[in-house]
Amino acid sequence: MLSGYGLHTGVFSEVRLHRTEGAVRFLRNGTEIPALLESVIATPRCTVLGKDNEKIALVEHLLAALHITGWWEGVLIEVSSEEIPILDGSAQGWLEEVRSLGNPPALGSHLEVVKGFGVQGAGFGVLTEPRTPNPEPHLFVEPGATKLSVSVDYDHPAIGNQTWEGTPETYSELLSARTFGFLKEYEMLRKQGLASHVSLENAIVFDENGTLSPLRFNNEPVRHKALDVLGDFFLLRKPLLGSLSVARGSHHAHVTFMRELLANDILQEVEPYEL
């Protein structure tokens with residue numbers, strides 16, 4: 001069990017992970033909320049899932065840990081409040097909890113686990129046709145080896161233009177990258193009911209010149225953006241087998257793009273195979 005305060009609500013919450021049968025889902029007040037794209041009800045600087053008047057916010061870091069470790073099914077996530085604890089702002093704290101569940105169930109036979117992180121050989125393959133105009137022009141997916149490329153471009157001396165590229169073998173590099181924000185936006189966010197519990201213990205804060213605390217990596221901002229992509233794309237329910245590029249992404253953009261892919265049959269389910 002892990003506990004802590006929500007970044008946006010400031011509410012204390014306890015989270016317990018249970019190994020079970022069936023799809024990954026959250027449990028709050030007796031209501032099960034599937035970890036599916038259809039459950040997304042809002043994206044206010046985080047991803048919020050909901051069902052029957054119950055909601056759970058900031059699910060992306062925990063879902064990213066499940067994505068990276070290959071837990072695509074068989075987990076019930078019991079949550080006592082409406083927001084997942086921010087912990088240190090990254091997904092690293094969830095890794096031990098996820099690993100305590102044991103080995104993830106296979107999505108079928110003949111699955112490979114890449115260095116203990118992620119599965120290969122089953123999921124959603126990307127089709128070349130049919131294609132439709134993309135309402136999120138900064139996101140693009142194409143057939144090929146499973147790969148993620150994420151870039152950011154901030155007019156800030158400590159960030160600027162950063163890019164991270166990797167495959168399931170290297171997704172674990174993203175686990176300890178923390179969420180970040182800008183001091184000049186703090187009051188605006190507070191007025192919107194967000195970032196009520198932000199601190200230097202759970203976020204990277206940038207002032208006009210640099211950071212108020214040391215970075216873990218020179219490119220930690222783009223690493224965290226890539227982590228958010230993995231968390232949100234977990235909501236497809238299966239791994240995306242293809243090359244995904246995200247520039248200037250956001251939770252809203254990720255969700256809109258995934259809905260476009262599914263609505264226009266750009267993905268097809270692929271059965272497991274031996275690599």
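At 84% relative accessibility, N53 counts as exposed; the classes are exposed over 50% relative accessible area, buried under 20%, and partly exposed in between, computed with a 1.4 Å probe on protein chains only. The structure is a predicted model, in which local features need pLDDT of at least 70 and side-chain atom pairs count only at pLDDT 80 or more, while totals for chains, interfaces and linings use all residues. Residues are numbered from 1 along each chain as its sequence is written, and side-chain values use heavy atoms, with hydrogens and water left out.

N53 sits in the loop between β6 (48–51) and β7 (54–56). Helices (H or I, at least four residues) and strands (E, at least two) are DSSP runs, numbered from the N terminus. Although N53 is not a glycine, its phi is positive, at about 70°.

## Backbone at R237

R237 also is not a glycine, yet has a positive phi of about 90°. The loop that holds R237 runs between α4 (220–233) and β17 (240–241). With a relative accessible area of 35%, R237 is partly exposed.

S13 belongs to strand β2 (residues 12–19). Its relative accessible area is 0%, so S13 is buried.

The side chain of S13 reaches the backbone nitrogen of S81 at 3.4 Å. Leaving aside residues up to four places away in sequence, S13 touches L2, S3, G4, V79, S80, S81, E83 and P85, where contact means heavy atoms within 4.5 Å.

Conventions
A polar contact is a pair of N or O atoms within 3.5 Å; within protein, one must be able to donate a hydrogen and the other to accept it, and residues adjacent in sequence count only if both atoms are side-chain atoms.
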